[in-house]
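The questions below concern the terms used to describe this model. Each answer sets a computed value against the definition of the term and then concludes.

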Amino acid sequence: MSNRILERGKRRAANDDLPLAHPGRMKRAAGARAVFDKKTIALVYDFDGTLSPRPMQEYTFLPKIGEDPKAFWAEANRLAREHAADPLITYMHLMYKKAKARGVRIDREDLVALGRRVELFPGVTEWFDAIGEYVKIRSETNGVTLRHYLISSGLTEIIEGTPIYRHFHNVFASEYWFDAYDLPYPKRVITDTGKTQYLFRINKGVEDLRESINQHMPEEKRPIPFSNMIYFGDGETDVPSMAVMRKNGGHAIAVYPPGKSKANCVELFKAGRIDFFAAADYRRGSDLFRRTCLLIDRILADVRVQEEVWRVTREVKKGK
Ligand SMILES: [Mg+2]
């Protein structure tokens with residue numbers, strides 16, 4: 001695990017509402033008043049095609065090495081097919097192979113700097129504060145916390161360079177070892193199905209990647225129930241995540257590029273994989289904003305009901 005992630009973990013533990021690693025957080029100090037603690041709402045986003053119109057490499061790495069994006073993806077996909085290789089490992093390898101062939105060295109810091117060039121859909125930059133404000137108003141004094149998470153097959157380093165990085169409670173994305181051999185080597189590759197692991201990490205509060213996610217944890221011990229989560233994606237690569245969300249009582253929204261085809265979203269909607277779909281216009285008042293707020297209203301009402309049930313259950317147990 002990189003120092004960056006350790007640092008991030010420490011920073012979160014120091015500044016945030018709850019420490020990053022879960023198990024200790026449900027325990028109370030002896031004598032402390034019991035509180036209903038499932039009041040965190042998590043909005044979880046895919047990156048490429050969801051927050052940004054094109055794959056992040058097309059704004060950053062590929063222009064830097066003078067590679068045409070269309071030709072690059074065609075070659076990467078062809079190689080993966082021919083060798084029955086994992087498409088993500090193949091693209092991560094091919095990028096650096098091509099950079100080396102052209103005599104271009106791109107290190108971690110270069111990728112972070114390139115991240116500033118990534119284009120975002122309209123309203124994305126303001127979205128996090130605007131939704132935060134909405135939750136604050138609607139939850140009144142109910143002690144609800146809102147968190148944003150990113151789960152992406154793209155590169156951690158590039159995401160770190162984008163202006164929205166600071167809004168995320170945690171970012172799970174593919175990453176390189178930069179000093180592995182003569183070429184950087186994939187350290188972590190997040191595939192379509194692999195993304196679901198991180199949904200469970202959020203759900204179970206086991207966000208520290210040094211900890212195993214596989215141990216059993218009963219539903220009532222999980223700090224962020226799926227019903228408090230909304231997943232945002234843009235298409236086929238999000239299907240496993242959307243399926244996990246919906247099967248576990250969570251919510252999902254699909255987006256399409258404004259003014260372009262919504263066919264993928266319609267398919268997802270018809271297949272029951274999403275609650276809603278909308279153009280990727282994140283500005284206040286857009287369909288996406290409005291529909292997200294509707295789901296948030298439902299989650300907030302649900303939290304209130306569950307809190308009341310929790311109270312009544314305790315009273316019944318005490319024989320009041
Ligand atoms: Mg995507």
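This is a predicted model: local features need pLDDT of at least 70, side-chain atom pairs count only at pLDDT 80 or more; totals for chains, interfaces and linings use all residues.

**Terms and their grounds**

Q: How much of the protein is buried, and which secondary structure does it have?
A: Buried residues make up 36% of the 320 residues. The secondary structure comes to 11 helices and seven strands.

Q: What makes Ala84 exposed or buried, and what is its phi?
A: Ala84 has 6 other C-beta atoms within 10 Å and is therefore exposed. Ala84 lies in the loop between α3 (69-82) and α4 (87-101). Its phi is positive, about 50°, although Ala84 is not a glycine.

Q: How do you know how to class Tyr165?
A: The count for Tyr165 is 15 other C-beta atoms within 10 Å, so the residue is partly exposed. Tyr165 is located in the loop between α7 (156-160) and β3 (170-177). Apart from neighbours within four places in sequence, Tyr165 is in contact with Ile159 and Glu160 (two residues are in contact if their C-beta atoms, placed from the backbone, lie within 7 Å). Tyr149 is 16 residues away in sequence from Tyr165, and their C-alpha atoms are 9.9 Å apart.

Q: Why is Val171 placed in its burial class?
A: Val171 has 20 C-beta neighbours inside 10 Å and so counts as buried. Val171 belongs to strand β3. Not counting residues up to four places away in sequence, Val171 touches Leu150, Thr156 and Ile159. Val171 and Ile151 are 20 residues apart in sequence, yet 6.2 Å apart in space, C-alpha to C-alpha.

Q: What makes Ala252 buried or exposed?
A: With 25 C-beta neighbours inside 10 Å, Ala252 is classed as buried. Ala252 has its place in strand β6. Beyond four places in sequence, the contacts of Ala252 include Tyr231, Met242, Met245 and Ile274.

Q: Which residues have the most contacts inside the largest nonpolar core?
A: They are Val44, Leu150 and Ile253, in a core of 66 residues. A nonpolar core is a set of buried Ala, Val, Leu, Ile, Met, Phe, Trp, Tyr and Cys residues joined through C-beta atoms within 7 Å.

Q: Which residues of α9 are buried, and on which side do they lie?
A: In helix α9 (residues 239-247), Ser241, Met242, Val244 and Met245 are buried. They cover an arc of only 160° around the axis, so they lie on the same side of α9; the arc is that of the directions from the helix axis to the C-beta atoms. Their cover includes α8 (195-204), β5 (229-233), β6 (251-256) and α10 (263-270).

Q: How is the packing of α8 and α9 described?
A: Their axes are 8 Å apart and the angle is about 35° (axes are lines fitted to C-alpha atoms, for helices over the stretch in contact, and angles run from 0 to 180 degrees between N-to-C directions). Lys195, Thr196 and Leu199 in α8 meet Pro240, Ser241, Val244 and Met245 in α9.

Q: At what angle do α6 and α11 cross?
A: Helix α6 (residues 124-139) and helix α11 (residues 287-318) cross at roughly 35°, their axes coming within 11 Å. Residues making the contact include Ile131 and Tyr134 of α6 and Ile296 and Leu300 of α11.

Note on methods:
Residues are numbered from 1 along each chain as its sequence is written. Helices (H or I, at least four residues) and strands (E, at least two) are DSSP runs, numbered from the N terminus. A residue is buried if 20 or more other C-beta atoms lie within 10 Å of its own, exposed if 12 or fewer, and partly exposed in between; C-beta atoms are placed from the backbone.
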